[in-house]
Amino acid sequence: MKDILTIYQQYTGAGFLTILYLLALIYLWLSEKNTVTRAIFVYGASVIQLLFFCPLFYYGYQLLDKGTYYRILWLLPMTITIAYVGCIILAKYPAGSVILGFLLIALCGKFVYSNQYISKAENPYHIPQEVVEICEMIMPKENEERVTGVFPDELIHFVRQYSSKIQMVYGRDYLAPDWIYGDHPMREAMNKEKIQVFRLVKLANSAKCQYIILKGEKQIIGDFNNFNVEFIGGTKHYKVYRNKNVEIFEK
Amino acid sequence: MVIKGFVLLLLMVVAPIGTGLLINNVMPEKQRGIGNTYLCGFLCLLALFQVIAVPIVFLDEWGFSLIVMLYTCLLTILSGGGIIDALHCFRMERTIWKKKGSYNWNKTLIIQWSMVGILILFQLVMAVVTASFDGDDAYYVVNSLITQETDTLYRILPYTGLSTSLDMRHAMAVFPIWIAYIAKMTGIHATILSHTVLPLFLMSITYGIYYQIGKKLCMEKKEMLPVYMILVCGLHLFGNTSIYTNATFLMMRNWQGKSMLANVVIPAVFLVLLWIFEEEGEKKKGKKILWFLLFILNIVAAMMSTASVFLNSLLIGVMALVLTLQKKEIKILIKLIMCCIPCVIYAALYVVM
């Protein structure tokens, strides 16, 4: 039961919209006359809520799919119920009261565009422009096979959204600590405070990795030139190196 | 650019309306309208894609071209058939859509509907000019892009680009392949399509469904409808109380199957249930098509994510029980359970394979 409550709290999050929904549901329980609306939005929704809080149901769901139990709450018609009850109540007041209803929702919720993960789009791909610039630098030519690169963690999600012709030594699956793999030796080397050139190039060679992309501010111990790795360009925050020990094959 | 836009309009507007026109003819008269025609056509085309694509995903790892060919042929036949039928109706001077009832426009209604328009437009503009980060894009969007660029189906690991075996969990939910199809046909990069273009359509469809639900709920007092829509917009704009809410999914990742489930399929199930049961005891013609639509919605649910199969069945199952008990008609339970057959088949496939 504790797990279920945690999931419910996580879903509810920072706002009071679920409370607003419960109040709207109670209102419908007491006042809705239309039998179909009552069956679907009152009885049906209540049964789904009861199921959600039922421990047996929770354990059954875990057998099917783990980590998505919160999606049961999607089956509750929260938006429809709140909006419907809202418009019934507001109909009793002057037309301008709709602003108050809107404000109440705003107070109970959280503005989506204030989310830390929403930012101004830098290009139509909606990925950081620096990723586009780096990818353009290392993209294989028409007659060349796909290339492999190693990237700092913060770029990993975006590189292959730009082009599937660029492969990565490790991907997003290594960023989530609770996923299966544990850490990748190359990621370990990339994330060290001071980059050991000798070790990084050795790992890049064994991973058949043609490009190394490093944060500009990273401290580097050793000289890439001594290991047949050439600096080919950079962006505002990143430096791009070509590991010439690994050939780029022609098609 | 112009050609890309033209093909996009053909696929996302003309084809759904054309296909919807076929259904429109057999819909109950009350439900005949351009919005419903579009919605029904869009859902039918998604279901058609799922039916075509899943077997090919299993049987042929290089089968994307085959999917493109088959789906395009069927889409053309269906939408072309619908449009020809509609033209025939025009010639016979038969009405396709029901005549609009009188709507007493006044200053308040004009202001309220303008507010609805502005709020929706604001969200559409924001969908284009802002970028939202979601880690799952590294899987779903990349999968669409891989399919568009390499013609392979689920045999390349999106995260790294290395080869992989078929991942059953994702392979049956072919929504990313549908995006790849639109990308291939239009020539628009799958990432641009997902992040910048599709949200315009998918968010509009979501609001379209909420509008239709509102129309049913506010049937007796049409003046309430704009207020209902303003509140729906508010609930989406301010629904980001956690990363799990359907509003968060709509505003930040509507190009992913999960969001499609939460914001298109589930609301559409409520809408179709309202249509089916709207007038008690009324044995109207055209009800069969509504049951068929519910059946279709279960196929579309399976297209969105593996969990959708269970969630949609659960929703319909609960509603079946409640409605059966309320109306004391066992037929309702049987019919609603029969609508879940696609979900049962996909679930069985998942377990067996």
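The axes of helix 2 (residues 17-31) and helix 3 (residues 35-52) of chain A come within 10 Å and cross at roughly 125°. An axis here is a line fitted to C-alpha atoms, for helices over the stretch in contact, and angles run from 0 to 180 degrees between N-to-C directions. Helices (H or I, at least four residues) and strands (E, at least two) are DSSP runs, numbered from the N terminus. This is a predicted model, in which local features need pLDDT of at least 70 and side-chain atom pairs count only at pLDDT 80 or more, while totals for chains, interfaces and linings use all residues. Residues are numbered from 1 along each chain as its sequence is written, and chains are lettered from A and ligands numbered from 1 in the order in which they are written.

The crossing of helix 2 of chain A with helix 3 of chain A is left-handed; a crossing has this hand if the near helix is turned anticlockwise from the far one by less than a right angle, and is right-handed if clockwise. From helix 2 of chain A, L25(A), L28(A) and W29(A) meet F41(A), V42(A) and A45(A) of helix 3 of chain A. The residues of this contact divide into six nonpolar, no polar and no charged. Two residues are in contact if their C-beta atoms, placed from the backbone, lie within 7 Å. Ala, Val, Leu, Ile, Met, Phe, Trp, Tyr, Cys and Pro count as nonpolar, Asp, Glu, Lys and Arg as charged, and the others, Gly among them, as polar.

Chain A also holds an open sheet of five strands in the order 3-2-5-8-7, with mixed pairing. Strand 3 (166-168) and strand 7 (229-234) of chain A stand at the edges with a single partner strand each, so one side of each has no neighbour in the sheet. From one strand to the next the twist averages 30°. Two strands pair if DSSP finds at least two bridges between them.

Strand 2 (residues 147-150) of chain A pairs in the parallel sense with strand 5 (residues 211-215) of chain A over two bridges, and also in the parallel sense with strand 3 of chain A over three bridges. G149(A) stands opposite Y211(A) in strand 5 of chain A and opposite M168(A) in strand 3 of chain A. Strand 5 of chain A runs antiparallel to strand 8 (residues 238-243) of chain A, joined by five bridges, and there Y211(A) stands opposite R242(A). Four of the five residues of strand 5 of chain A are buried, where buried means that 20 or more other C-beta atoms lie within 10 Å of a residue's own, exposed means 12 or fewer, and partly exposed is in between. Helix 7 (residues 129-138) of chain A lies across strands 2, 3, 5, 7 and 8 of chain A, at about 20° to strand 8 of chain A.

Where do the two chains meet? The contact takes 65 residues from chain A and 69 residues from chain B. On the chain B side, helix 13 gives the largest share, ten residues. The residues on that side divide into 44 nonpolar, 20 polar and five charged.

One part of the meeting is a pair of helices: the axes of helix 6 (residues 97-108) of chain A and helix 9 (residues 224-237) of chain B come within 9 Å and cross at roughly 20°. The two helices are therefore roughly parallel to each other, and their crossing is right-handed. The residues of this contact divide into eight nonpolar, two polar and no charged. Another part is a pair of strands: strand 1 (residues 118-120) of chain A pairs in the antiparallel sense with strand 1 of chain B over three bridges, with K120(A) opposite T130(B).

M12(B), in helix 1 (residues 2-24) of chain B, counts as buried because it has 22 C-beta neighbours inside 10 Å. D151(B) has a positive phi of about 70° although it is not a glycine, and D151(B) is partly exposed, with 17 other C-beta atoms within 10 Å. K328(B), also not a glycine, has a positive phi near 55°, and K328(B) is exposed, with 7 other C-beta atoms within 10 Å.

Technical notes
Angles under 35 degrees count as roughly parallel, over 145 as roughly antiparallel, 65 to 115 as roughly perpendicular and the rest as oblique.
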